[in-house]
Amino acid sequence: MLEVVNPANETVITRLEADQKQAVSQKFAAAKVAQQVWRAVPYAERVRVVERFRKLLAECSEESAQILTSEVGKPLAQARNEVNGTLARIDFFLSETSARLRDQVVQHDAATGMTERISQEPLGVIANISAWNYPYFVGSNVFIPALLTGNAVLYKPSEFATLTGRHIEKLWHDAGLPSGLFQCLVGGGEVGGWLLDQPVEGVFFTGSYATGKKIIEKVAGRMVRVQLELGGKDPVYIRPDVNVKVAAESTADGAFYNAGQSCCAVERIYVHQDIYDQFVEHFVAFTRTLKSGNPTEEGVYFGPLARKAQLSVLEEQVRDAVKKGAKLLLGGERQAGKGAYFPATVLTNVDHTMAVMREESFGPVIGIQKVRDDAEALQLMNDTEYGLTAGVYTRDAATATSLMNQLNAGSVYWNCCDRVSPRLPWSGRGHSGVGSTLSILGIDAFLKPKAWHLRLPS
Ligand code: NAD
């Protein structure tokens with residue numbers, strides 16, 4: 001049985017029967033049969049089903065947000081943002097996918113009667129193993145383009161977001177998606193492993209580097225498409241020419257939105273020495289205004305963490321930093337009482353000997369480090385095993401461009417942070433993963449090309 005716990009008050013919401021190994025095989029077999037039919041269904045019909053899904057999600061957006069908040073502790077306003085943002089992503093895929101499916105004649109030679117053409121085919125049945133922190137976003141980045149391009153999806157939501165996974169499955173059913181094409185698997189890592197034991201034709205994973213490494217090792221010999229969207233230790237650099245208050249507030253939001261439980265949350269801040277004290281003052285003052293409490297209450301910015309075990313990870317990072325000379329300005333240890341609450345935590349005088357500047361925190365903990373100049377900032381920003389996003393705050397467009405060109409990250413930001421767009425590819429480097437979702441690359445990811453060499457009979 002899988003116990004679903006509300007992290008805000010630690011009560012058990014429900015107990016669900018987890019899928020057993022045999023059930024996973026049966027779901028795969030059903031998906032395989034359904035996909036053979038679905039791949040031949042005209043694209044316009046596939047669009048109609050996705051449009052119905054979108055309509056249903058829009059109609060029950062409030063209920064969807066409430067389910068999400070109940071199991072992951074995300075403040076309701078942020079859960080609503082996620083559900084509504086998912087509608088925009090669906091719109092992007094609906095507008096761009098047909099062009100990616102079109103056959104392309106790349107050469108026609110009348111003299112020899114030779115034509116060269118590229119067509120696209122779906123991968124087949126894909127495994128979509130997902131994280132809990134943005135289950136609508138990271139789920140829909142995969143299952144919307146996958147279904148539109150003719151694949152079947154076995155969706156294994158995180159054990160911390162199972163109610164949302166089941167809710168999404170129900171919406172697909174109500175939208176009239178033929179049975180077998182989208183099935184939710186209930187359970188934790190073991191069930192994810194059983195899913196990977198099936199002969200799936202694509203593996204699309206969102207989660208931690210530690211799990212991503214296990215997954216890529218497990219499927220390495222199979223020669224199937226694998227994409228991994230993993231963690232980050234995302235830096236921003238604040239140059240001295242900025243409006244300091246605006247930059248401090250923007251980066252505090254980037255660090256603390258969703259209690260810092262975002263793959264692209266700001267996790268390291270480097271500030272030029274000329275404005276360091278001023279920046280820290282504004283950062284702390286703004287952070288103090290962010291309200292913590294019951295995530296269902298309006299106006300609450302910080303809910304509990306989704307996973308209680310993370311409280312100890314954060315406390316250990318703070319202990320390690322303080323032992324090595326960091327100054328703790330705010331927070332630092334779990335809040336007493338029920339619920340996995342950790343206060344906004346700000347550390348200064350940090351350096352790269354400390355875990356807080358090297359290992360993903362995935363919580364409301366931030367280190368702010370003073371730097372001499374652009375060169376030192378750039379060296380420190382790139383001093384990481386991860387490479388998801390990195391940002392520069394400055395008025396100077398030329399310097400920003402030069403720094404962004406040298407940053408080893410899949411996404412770079414100028415005067416913004418913690419931002420994802422459906423039109424731009426979302427991809428990591430190093431321990432942040434391989435492959436891209438979103439953008440047209442995130443549609444092509446679900447297709448395999450076929451090259452046609454056609455000579456007219458002589
Ligand atoms: P996780 O790695 O603990 O779990 C992710 C998923 O993998 C879950 O569904 C889990 O049940 C499953 N799993 C665990 N062990 C498995 C195994 N051996 N075989 C198959 N499946 C297994 O990660 P999490 O705690 O759910 O998510 C947080 C992590 O995800 C953070 O590191 C965060 O940065 C990352 N993340 C990345 C992105 C991105 O787009 N790059 C987006 C969201 C989250």
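Reply: The model is a predicted one. Starting at the ligand, 29 residues lie around it, and those that come nearest are Lys-156, Glu-159, Ser-208, Thr-211 and Glu-360.

Some of the surroundings can be described atom by atom. In the side chain of Ser-208, an N or O atom sits 2.7 Å from an oxygen atom of the ligand. Arg-307 also uses its side chain, where an N or O atom is 3.2 Å from a ligand oxygen. With Leu-230 the backbone is involved: one of its N or O atoms is 2.8 Å from a nitrogen atom of the ligand. As for how much of the ligand is covered, the ligand taken alone exposes 850 Å², and 90% of that is buried by the protein.

The shell can also be read by secondary structure. At least two shell residues come from each of α7 (189-197), β8 (202-206) and α8 (209-219). The biggest contribution is that of α7, which supplies 3 residues.

Next, the wider setting. The domain assignment divides the protein into domain 1, made of 2-230 and 432-455, and domain 2, made of 234-421. Their centres, taken over C-alpha atoms, are 31 Å apart. Where the two domains meet, 22 residues of domain 1 are in contact with 27 residues of domain 2.

The largest nonpolar core has 132 residues, and the members touching the most others are Phe-53, Trp-172, Ile-238, Phe-256, Ile-269, Phe-279 and Phe-283. This core lies between domain 1 and domain 2, because both of them give residues to it. A separate second core has 6 residues, including Val-4, Leu-16, Ile-67 and Leu-163.

Apart from neighbours within four places in sequence, its contacts include Val-236, Ile-238, Thr-251, Phe-279 and Phe-283. Also in contact with Ile-269 are Ile-366, Gly-367, Ile-368 and Gln-369.

Is Ser-411 buried or exposed? Its relative accessible area is 11%, and a residue counts as buried under 20%, so Ser-411 is buried. Leaving out residues up to four places away in sequence, Ser-411 touches Leu-388, Thr-389 and Ala-390, as well as Pro-425, Trp-426 and Ser-427.

Technical notes. Residues numbered from 1 in each chain as written. Predicted model: local features only at pLDDT ≥ 70, side-chain atom pairs only at ≥ 80, totals over all residues. Heavy atoms only, no water. Core = buried A, V, L, I, M, F, W, Y, C linked by side-chain atoms within 4.5 Å. Buried < 20%, exposed > 50% of the residue type's maximum accessible area, 1.4 Å probe, protein only. Domains from an automatic or database assignment. Contact = heavy atoms within 4.5 Å. Near = heavy atom within 4 Å. Polar contact = N/O pair within 3.5 Å; in protein donor to acceptor, adjacent residues only side chain to side chain. Areas by Shrake-Rupley, 256 points an atom, 1.4 Å probe, with all protein chains shown as cover. Helix = DSSP H or I, 4+ residues; strand = E, 2+ residues; numbered from the N terminus.
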